[in-house]
Amino acid sequence: MSDSVTDASMDGKVTADYDLTPTLLKFWDPHFALPLFEFIGFRKMYPAEDILESKHQILNSTYMVDYADSVYQELKNTESHAPGYEEKRAKVLKELEKLEDENTEFMNIIQDPTVIQQLKQDKLANIQFLEENYKFKPSMLSSLFKLSQFMYQTGRYGSSAEMLYHFRILSTDHEKNMNALWGKLACEILTNNWETAYDDLMRLKDMIDQRPNTHRQQLKLRSWLIHWSLFVFFNHAKGRDGIIDLFFQPAYINTIQATCPWILRYLCTAVITNKRRRSVLKELTKVVQHESHMYRDPITEFVEALYVNFDFEEAQRKQKECEEVLANDFFLVATKEEFIENARLMIFETYCRIHQCIDIAGLSEKLNMGQEDGEKWIVNLIRNAKMDAKIDAETVSRAFSFVVMI
């Protein structure tokens, strides 16, 4: 992200103080910033001009010439084209035509259903088959890879993904295969193809884990994978199970602690909103407590207040702050209502473990709910959960105070 957004004045806005976009961008492909800019622009977290300037800088580093020009016109409030627009556009179109011509023969081969049916798992056998029957040359793969990269830079992510898929079917170059898989994952993310993106993410994870690297290289690759995975895990139907399964693996939780403790925000949210995975709460709490000197925000502080300090007043305050953080986080905004509901439930459950007699009116306040709504919520929870509890109606006071006997 450009300095214009990174260093923008926050005018005292708490939401921008907790915005992780500038930090996350350091681990992403620049194209990933574009949907985030749309989101933070809608949320008005930064001055609109700063967001447009940042978007224009990123687009200028790509071949999306028309898109960059439209942002320039909006930024400058003009109908004139950006300086050099015509020349750059003509150059991009010329290079694209050249690369497509170079790959026409090969694309016709690998898109032929007859050829596809005869390809096997053995890459060397496939190459030999194509050489003998279709005049295939290894240089064709290099040319295809180059075209896929060019397509990506022009924003044609679907076409790029298809070419990278064909490249990986035939390539025996491990390094280029890994690069192609990173590229394909980026394409699937940018086209919102979450099922395929999930599969590619897991393949990439296996390649990283099996690759003989130095410790520093492994940390770097896993850090990138962790950050890219946020797009997949918070959009895939099974993503919140997937993020817990991956991030709690020793190699990945160690990477989070060593290089990117801010990822704990997303891990905490995944655990809090996933009732089936509460078994990992103890381990999560230990990590949050251990890393609290390195990173903290209202979401991690909620976990710490509730499960380390058993401070219900502080947990209540942090739950309220979490609402703003969630509403202004690109990945977590869709989890807001579910998070708040589950956070209330966790406060209630923890409070019940400590106290035998509970004043419902007082607990409603701790749950950030009005007395009447709180009473209904707690009574329904006790009834639906079939808890071993009862409401002592005889102790009802003029303030509508109830006692729950656990």
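On a 1 Å grid laid over the protein atoms alone, a pocket is an open set of points with protein on both sides within 12 Å along at least five of seven lines, a cavity is a set of points where a 1.4 Å probe fits but cannot get out, and lining residues have an atom within 4 Å of a point. Grid points are joined across faces, edges and corners, and a volume is the space filled by probe spheres set on the points. The model is predicted, and local features need pLDDT of at least 70 while side-chain atom pairs count only at pLDDT 80 or more, whereas totals for chains, interfaces and linings use all residues. Residues are numbered from 1 along each chain as its sequence is written, and side-chain values use heavy atoms, with hydrogens and water left out.

The second largest pocket has a volume of about 390 Å³. Its lining comprises 14 residues, of which Lys120, Gln121, Tyr165, Arg168 and Ile169 are the closest to its centre. With helices taken as DSSP runs (H or I, at least four residues) numbered from the N terminus, two or more residues of this lining come from each of helix 9 (123–134), helix 11 and helix 13 (194–210), and the largest share, four residues, is that of helix 11. When Ala, Val, Leu, Ile, Met, Phe, Trp, Tyr, Cys and Pro are counted as nonpolar, Asp, Glu, Lys and Arg as charged, and the others, Gly among them, as polar, the lining of the second largest pocket divides into five nonpolar, three polar and six charged residues.

The packing of helix 9 against helix 11 was examined with axes fitted as lines to C-alpha atoms over the stretch in contact, angles running from 0 to 180 degrees between N-to-C directions. The two axes lie 8 Å apart, and helix 9 and helix 11 pack at an angle of about 100 degrees; helix 9 and helix 11 are therefore roughly perpendicular to each other, given that angles of 65 to 115 degrees count as roughly perpendicular, those under 35 as roughly parallel, those over 145 as roughly antiparallel and the rest as oblique. The contact (heavy atoms within 4.5 Å) is made by Lys123, Asn126, Ile127 and Leu130 of helix 9 together with Arg168, Ile169 and Leu170 of helix 11.

The largest pocket has a volume of about 510 Å³ and is lined by 23 residues, with Asp29, Asn179, Trp182, Gly183 and Trp228 nearest its centre. Helix 10 (139–153), helix 11 (157–170), helix 12 (174–190) and helix 14 (215–233) each contribute at least two residues to this lining, which divides into twelve nonpolar, eight polar and three charged residues.

One cavity of 30 Å³ or more is found in a search of the whole structure. The largest cavity has a volume of about 70 Å³, and among its 13 lining residues Asp19, Thr21, Leu36, Asp329 and Phe330 are the closest to its centre. Helix 4 gives the most to the lining of the largest cavity, with three residues. The axes of helix 4 and helix 5 (residues 48–60) come within 10 Å and cross at roughly 170 degrees, and helix 4 and helix 5 are therefore roughly antiparallel to each other.

The structure holds 21 salt bridges, each a side-chain nitrogen of Lys or Arg within 4 Å of a carboxyl oxygen of Asp or Glu. One of them joins Asp200 to Lys184, with the closest N and O atoms 2.9 Å apart; Asp200 lies in helix 13 and Lys184 in helix 12, so the pair ties together parts that are 16 residues apart in sequence.
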